[in-house]
Amino acid sequence: MLLLKCLDGSSGGMRGPRVSLEVKDAGGKPVDQKPEGGRCGNMSQLTASDFFTLKPGEFCDPFAPEGCWSYWPLRLGKPGKYAVTLVYRLEGPFVTNEDLNGPASDEAKALTAKLPRGELRSNTITVEVVE
C-alpha cells in the first residue's frame, strides 16, 4: 500500500495525510491532543521521498525521529487509564501553495494520484498514568 510519511503540517491538520492521536479517558470522554501554541503556515515541499510502500505484515513507526511526532508529546493529564489510537487520514490537500521550497515535483504530484483515500486506525492501546 502506497502511503505518505507524516509531513510538516500533517499533525496540525493543515495537509494530508492528517495524522492524530485519539485519546479517551477511562469514562470514554475524549482528551484533547491538539498541540499547544501556534505555528506558521509554511510547509516543506512534497517530494517523492515522502512516499513509502507498506507491505502486509510490515511495521511503520509514526513516532520515528524523522517524523512529525518529535515535537508533539502525548498529553494525558491526571493519573488514570487512557485508550490511545493513532488515526491516519489520507485526504488532501497533499500539495499546497505554502510549500517552502517551491512547488511539488511532477513525480510527487503523480504519486499523490496513486494514494488510496480513507482512514486507517491503529490498534487501540491502554496507557496507565500513575502518581
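The model is predicted, so local features need pLDDT of at least 70 and side-chain atom pairs count only at pLDDT 80 or more, while totals for chains, interfaces and linings use all residues. Residues are numbered from 1 along each chain as its sequence is written, and side-chain values use heavy atoms, with hydrogens and water left out.

**Nonpolar core**

- A nonpolar core is a set of buried Ala, Val, Leu, Ile, Met, Phe, Trp, Tyr and Cys residues joined through side-chain atoms within 4.5 Å. Buried means under 20% relative accessible area, exposed over 50%, and partly exposed in between (1.4 Å probe, protein chains only).
- The largest such core has 20 residues, and those with the most contacts inside it are Leu4, Val23, Leu46, Phe51, Tyr88 and Leu115.
- Two or more residues of this core come from each of β1 (2-4), β2 (18-25), β4 (80-90) and α1 (106-112). The greatest share is that of β4, with five residues.
- Helices (H or I, at least four residues) and strands (E, at least two) are DSSP runs, numbered from the N terminus.
- In soluble globular proteins, nonpolar side chains tend to be buried together.
- Contact means heavy atoms within 4.5 Å. Apart from neighbours within four places in sequence, Tyr88 contacts Leu3, Leu4, Pro17, Arg18, Val19, Gly118, Glu119 and Leu120.

**Pairing of strand β4**

- Two strands pair if DSSP finds at least two bridges between them.
- Eight bridges connect β2 and β4 in the antiparallel sense; Glu22 stands opposite Thr85 in β4.
- Strand β6 (residues 125-129) also runs antiparallel to β4, with five bridges. Gly80 has Val129 in β6 as its bridge partner.
- Strand β5 (residues 118-121) pairs with β4 over four bridges, again antiparallel. Here Leu90 is opposite Gly118 in β5.

**Serine 10**

- Ser10 belongs to the loop between β1 and β2. Ser10 counts as buried because its relative accessibility is 1%.
- Leaving aside neighbours within four places in sequence, Ser10 is in contact with Lys5, Arg15, Gly16, Pro17, Arg18 and Val19.
- Ser10 and Met43 are 33 residues apart in sequence, and their C-alpha atoms are 9.5 Å apart.

**Methionine 1**

- Met1 lies in the segment before β1. With 48% relative accessibility, Met1 therefore counts as partly exposed.
- Not counting residues up to four places away in sequence, Met1 touches Phe52, Thr53, Leu54, Pro116 and Leu120.
- Although Met1 and Thr53 are 52 residues apart along the chain, their C-alpha atoms are separated by 5.3 Å.
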